[in-house]
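Student: I have a new model open and would like to go through it with you. Can we start with the surface and then work inwards?

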Amino acid sequence: MSGAGSAARSLKIFVGNVAWTVGHRELRNYFSQFGKVSWAQVVFDRKTGLSKGYGFVSFQKRASIENLERNQKHVLDNTPIFFQQTD
């Protein structure tokens with residue numbers, strides 16, 4: 001990584017396989033157990049209003065992502081979810 005911009009972006013993750021019953025609040029609540037969440041957003045279809053099954057979470061500190069990575073299984077609303085750091 002180089003520059004402050006890269007460091008800031010590394011605190012954002014993509015979250016996949018999000019259940020249709022999960023909203024912004026549930027996503028934030030789940031990931032806040034690993035550290036302070038700056039924001040959390042589930043992506044919804046503008047036409048139907050239904051979840052697209054993925055979202056994004058941004059943490060305030062790098063240690064939060066390290067805590068998240070230590071946990072091998074992540075389940076939200078009885079659905080296994082996965083995450084990946086974004087660029």
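**Surface, fold and core**

Tutor: The protein chain has an accessible surface of about 5700 Å², and 49% of that belongs to carbon and sulfur atoms. Such areas come from the Shrake-Rupley method with a 1.4 Å probe, and for residues only the protein chains shown count as cover. This is a predicted model, where local features need pLDDT of at least 70 and side-chain atom pairs count only at pLDDT 80 or more, while totals for chains, interfaces and linings use all residues. Residues are numbered from 1 along each chain as its sequence is written, and side-chain values use heavy atoms, with hydrogens and water left out.

Student: How many helices and strands does the protein chain have?

Tutor: There are three helices and six strands. Here helices (H or I, at least four residues) and strands (E, at least two) are DSSP runs, numbered from the N terminus. The order from the N terminus on is α-β-α-β-β-α-β-β-β.

Student: What percentage of the residues count as buried?

Tutor: Of the 87 residues, 37% do. Buried means under 20% relative accessible area, exposed means over 50%, and partly exposed is in between (1.4 Å probe, protein chains only).

Student: Which residues touch the most other members of the largest nonpolar core?

Tutor: Ile13, Val15, Val22, Leu27, Phe31, Val57 and Phe59 do, in a core of 19 residues. Strand S1 (12-16), helix H2 (24-31), S2, S3 and helix H3 (62-70) each supply at least two residues of this core. A nonpolar core is a set of buried Ala, Val, Leu, Ile, Met, Phe, Trp, Tyr and Cys residues joined through side-chain atoms within 4.5 Å.

Student: Take valine 15, then. Why does valine 15 count as buried?

Tutor: Valine 15 counts as buried because its relative accessibility is 0%. Valine 15 lies in strand S1. Not counting residues up to four places away in sequence, valine 15 touches Leu27, Phe31, Gly53, Tyr54, Gly55, Val57, Ile81, Phe82 and Phe83. Contact means heavy atoms within 4.5 Å.

Student: How many residues apart along the chain are valine 15 and tyrosine 54?

Tutor: They are 39 residues apart along the chain, with their C-alpha atoms separated by 5.5 Å.

Student: New topic: in which sense do S2 and S3 pair?

Tutor: Strand S2 (residues 37-44) pairs with S3 in the antiparallel sense, over six bridges. Two strands pair if DSSP finds at least two bridges between them. Valine 37 has phenylalanine 59 as its bridge partner in S3. The two strands form a hairpin with six residues between them, and glycine 49 in the turn has a positive phi of about 80 degrees.

Student: And serine 58, buried or exposed?

Tutor: Serine 58 is buried, at a relative accessible area of 11%. Serine 58 lies in strand S3 (residues 51-59).

Student: How many aromatic pairs are there?

Tutor: A search of the whole structure finds eight. One is between tyrosine 30 and phenylalanine 31, edge-to-face at 5.0 Å centre to centre, with 85 degrees between the planes. Rings of Phe, Tyr and Trp (its six-membered ring) pair if their centres lie within 6.5 Å; planes under 30 degrees apart count as stacked, over 60 as edge-to-face and the rest as tilted.

Student: Which residues form one aromatic cluster?

Tutor: Phe14, Tyr54, Phe56 and Phe82 do.
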